[in-house]
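Dear colleague,

Please find below the structure that I am handing over to you. My notes on its disulfides follow.

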Amino acid sequence: QLQLVESGGGLVQPGGSLRLSCAASGFTLDYYAIGWFRQAPGKEREGVSCISSSDGSTYYADSVKGRFTISRDNAKNTVYLQMNSLKPEDTAVYYCAADCRPVSTYDYWGQGTQVTVSS
């Protein structure tokens, strides 16, 4: 079964850091761009970051640029999202998905991992 599993979320104070992991099972991540998305309470799901499969080029939403870093470790079949200087508005369920397409084009999402930024 092809699956991406998110982990690493939690409760953190404003200004703190978390590292999310997106682990693949049943397939090799090497050939796929991987995107991170998030959905905050009462808001639509949005794209956060993306990393290409070929040259490792990256994309960040303006709201996280300079604070979040996406990376991939193909040997571990895992993509990471390092989140620094977290703000309360980063509170959301975070999801990863193969390819970096518009949210509306995905039919299936994993369980995601909850990130809560609060003092």
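Is Cys-96 buried or exposed? Cys-96 is buried in this predicted model, its relative accessible area being 4%. The cysteine to which Cys-96 is joined by a disulfide is Cys-22, and Cys-22 is likewise buried, at a relative accessible area of 0%.

The sulfur atoms of Cys-22 and Cys-96 are 2.1 Å apart. The torsion about their S-S bond is about 80 degrees, so this disulfide is right-handed. Cys-22 belongs to strand 3 (residues 18-25) and Cys-96 to strand 9 (residues 92-98), so the bond ties together parts of the sequence that are 74 residues apart.

A further disulfide joins Cys-50 to Cys-100, with an S to S distance of 1.8 Å. Here the torsion about the S-S bond is about 90 degrees, so this disulfide is right-handed. Cys-50 lies in strand 5 (residues 46-51), whereas Cys-100 is found in the loop between strand 9 and strand 10 (113-117); the pair therefore ties together parts that are 50 residues apart in sequence. As to accessibility, Cys-50 is buried, with a relative accessible area of 14%, while Cys-100 is partly exposed, with a value of 34%.

The count comes to two disulfides. When the bonded cysteines of the protein chain are numbered in sequence order, the pairing reads 1-3, 2-4.

With kind regards

Note on methods
Residues numbered from 1 in each chain as written. Predicted model: local features only at pLDDT ≥ 70, side-chain atom pairs only at ≥ 80, totals over all residues. Heavy atoms only, no water. Disulfide = S-S within 2.5 Å. Helix = DSSP H or I, 4+ residues; strand = E, 2+ residues; numbered from the N terminus. Buried < 20%, exposed > 50% of the residue type's maximum accessible area, 1.4 Å probe, protein only.
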